Amino acid sequence: MALVLNEEQLMLKESAAGFLTEKATVAHLRALRDSADERGGSEDVWQEMVQMGWAGIAIAEEFGGLGYGYTGLGLVLEQVGRNLSASPLQSTVLVAATLIAELGSDSQKEQWLSPIAAGEKRVSLALQEGRHHAPEKTAARAVANGEDYLLSGAKVLVLDASLADAFIVIARTAGEAGDMQGLTAFLVEAESAGIALSRSSMVDSRNVGTLTLQDVRVPAAQVLGEPGGAWQGLSRTLDIANIGLASELLGLSTEAFERTVAYLKERKQFGRVIGSFQGLQHRAAELFAELELARSIVLQALQAIDSGDEQLPLLASAAKAKLCEVAQRASNEAIQMHGGIGMTDEHEIGFFIKRARVVQHTFGDYNYHLDRFAQLSGF
Amino acid sequence: MSDIEQFRQETRAWLEENCPVAMREPVRGFDDLYNGGRNPEIDHPDQKVWCDRMAQRGWTVPHWPKEYGGGGLDKDELKVLREEMRRITARSPLDSFGISMLGPALLHFGTEEQKLEHLPRIVRGEIRWCQGYSEPNAGSDLASLATRADDQGDHYLINGQKVWTSYADKSDWIFCLVRTDNSGSKHEGISFVLFDMDQPGVEARPIKLISGSSPFCETFFDNARAEKKNLIGEEGNGWTIAKYLLTHEREMISSFGAPPKKSVGKLALESFGADASGRLANSILRPTIAQYQLDTLAFGATMARVGDEAKAGQGLGAASSIFKYYGTELNKRRNELNLAVGGEFALGWEGEAYRDGAISRDWLRSKGNSIEGGTSEVQLNIVAKRVLGLPDA
């Protein structure tokens, strides 16, 4: 497949950029933060995104989506990264809808994907249990009880948890923490008895939840896929999620870089603009080179999702590791090159480094994915 | 049968009949490449046979127009020829700076007479060309070159010195940047001339590199003669041609970083072994190798993306400006890893035990990649100024 965007994709990219730079900017994020908004995003803006089809962009047409594929979603997420736009696009659309599509039966897809595409339901994945991403170490338990399962355990860092209508809880029906087999995905209504939720705000001003499950009764009909056999679909979903997040990091890093270069052309010291200093020029040029590599690996990984490339796991970890590295460098350089003003809350550049680190760590950071990339490369 | 299918069948039959068996062996090193010239270095007699046969059809440079001796093939035919050559693992019949560097400049800037004079001899491998650009005091700052060309009516007299002239001691002619005018800015007054190296006023002395090889020379001109009919483009317009050619050269050098057959990670496994989890049993070196392989993958994707964007009519993106810089830096990283993985054996120099220093010599040679054809620092200056629009100091 040619590594290039077609006309339709270029138009989508432009329309997403146009919408977000008007409706969901860093200034909007600041306002949400300063009002300690529990929703963590504007419902009106989300409904407008839904109207444009973004909630169903990667969902098949038969389930109410656009069937536009993940390259399309990735282009939107890149613009989301540029504007630091807060919405359920990551938690519900990129992650939860993908996992339902991967593991669910046709009737489950009908039941959940259509309302997601219509902006009527929000769903979030409840996977992580400790401070680091380690899906195979899941210890939450599900025990068969008649026609139902009883779920117990604790989940952390559940994205947009306080607004979710349902969670996809990953729990163990067999095996021990560390086994890839024995994991099962349950669709659990947020209102179910036995779930306790507490909300935390993270450094990027987004909300995550800690879930405590105590003998939560879930009908067997709400199991996604085979009991004990969630790993493959979960793993593919995490690959897709990481590529989507890499796309967001690409937009974020590019924007932070462009703002920094603009500042280098404007800020004067020693009687001249600081962008004329070679010490800064070379650092900027090196970063430009890294951003170009980042753009290429993200596009290759997005296309690999849509083409069913069997190299997907390797490309997902490659894209995430590369973008973690580049986002870290771009956001650190952004602060340093802005100097003192970059340290102030009043200036917007600080929002980029905060969001960058959270996205970098979500579903595996640089170290996790570089290790996985090496393993998948055979060493 | 379609025309292209017929072309394929004819090409296949012709190659089968005409490509000598020895020329279907893999290329092991520079010695196996045939460079042509008046006194060609011949490692195997079939090199010249193969070159002559291909040249008769213009297939040493199959994409050049027929009127200049080329094959006149269109894109589809060119693809078929390459595929059919690969099918029988046929070697390239002729590798020369005439083909890769001077030819494109002549096609772009030369007069009809100049093209007819020089291009067919490049196609036939009769003349081996070298490039006279750098001087002792004009390296990164190439435009400050001082080699003089004095107007003598129908010819110029050339005086001065070039350095880093690749294979000047083995070449027949030189394409050379000379100063024809000192009055304007340093970029003005530079001219691009061609002249014969086989004359009393020209001397080429090989330079021995830290790698032990001598691919470059210092070249001295003492009243050397260049005919005016061999001035390419207008007098004083040589800088434009020089920049055009530098782009070609940079593309060539950046491709040195193309990934070799065996990944560093696999070589490291052979060297260090694996731990119980299957990971490389050197946990300190492993992430450095992984980062190198990651960057190699992303760099390959970038070259593909820029090519595909150009094909889709989206123009040659700014990304192409990083190729020379990034490709050569990657190649240096690869060579450092070869030492880390190869251990002290990799530092051998002579003697069969350590392959006559194959690894250490390549490692040393790679240091030049980020110097020749524009240093990494100059490449970063270009990105900063032309792409990012940052101002001069």
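Which residues is A:Phe186 in contact with, leaving aside its neighbours within four places in sequence? The legends below describe a predicted model, and the first of them takes up this residue.

**Figure 1. Surroundings of A:Phe186 in the predicted model.** Leaving aside neighbours within four places in sequence, A:Phe186 is in contact with A:Ala142, A:Tyr149, A:Leu151, A:Ile168, A:Val169, A:Ala171, A:Val218, A:Gln222 and A:Val223. A:Phe186 also belongs to the largest nonpolar core, which has 152 residues. Within that core, the residues that touch the most other members are A:Leu151, A:Ile168, A:Val169, A:Phe186 and A:Ala301. Helix α8(A) supplies the largest share of this core, with 16 residues. In soluble globular proteins, nonpolar side chains tend to be buried together.

**Figure 2. The fold of chain A.** Chain A contains 11 helices and 10 strands. Its radius of gyration is 21 Å, close to the 21 Å that the globule rule gives for 379 residues, so chain A is as compact as a globular protein of that length. Along the principal axes, the C-alpha atoms of chain A fill a box of roughly 80 × 50 × 40 Å. Of the 379 residues in the chain, 53% count as buried. Among contacts in chain A with a separation of 6 or more, 73% are accounted for by residues 24 or more positions apart.

**Figure 3. Contact between domain 1 and domain 2 of chain A.** Chain A is divided into domain 1 (7-121), domain 2 (124-228) and domain 3 (232-376). The centres of domain 1 and domain 2 of chain A, taken over C-alpha atoms, are separated by 23 Å. Their contact takes 20 residues from domain 1 and 15 residues from domain 2. On the side of domain 1 that touches domain 2, the elements giving two or more residues are α2 (26-34), α5 (89-103) and α6 (106-117) of chain A. Helix α5(A) gives the most to this side of domain 1, with eight residues. By class, the side of domain 1 that touches domain 2 has 10 nonpolar, six polar and four charged residues.

**Figure 4. Contact between chain A and chain B.** In this view, 33 residues of chain A are in contact with 40 residues of chain B. The elements that give two or more residues to the chain A side are α7 (231-264), α8 (278-307), α9 (312-338) and α11 (366-376) of chain A. The most is given by α8(A), with 14 residues. Sorted by class, the side of chain A that touches chain B has 19 nonpolar, 10 polar and four charged residues.

Figure 5. Not counting residues up to four places away in sequence, A:Leu291 touches A:Ser253, A:Thr254, A:Phe257 and A:Val326. A:Leu291 and A:Lys322 are 31 residues apart in sequence, and their C-alpha atoms are 9.6 Å apart in space.

**Figure 6. Helix α8 of chain B and the residue B:Gly313.** Helix α8 (residues 285-311) of chain B has 27 residues. From its first C-alpha to its last, α8(B) reaches 39 Å, close to the 39 Å expected at 1.5 Å a residue. B:Gly313 follows α8(B) and has a positive phi, near 75 degrees.

How values were computed
Residues numbered from 1 in each chain as written. Chains lettered and ligands numbered in written order. Predicted model: local features only at pLDDT ≥ 70, side-chain atom pairs only at ≥ 80, totals over all residues. Contact = placed C-beta atoms within 7 Å. Helix = DSSP H or I, 4+ residues; strand = E, 2+ residues; numbered from the N terminus. Nonpolar A, V, L, I, M, F, W, Y, C, P; charged D, E, K, R; others polar. Core = buried A, V, L, I, M, F, W, Y, C linked by C-beta atoms within 7 Å. Buried ≥ 20, exposed ≤ 12 C-beta atoms within 10 Å, placed from the backbone. Rg over C-alpha atoms; globule rule 2.2 N^0.38 Å. Expected span 1.5 Å × (residues − 1). Domains from an automatic or database assignment.
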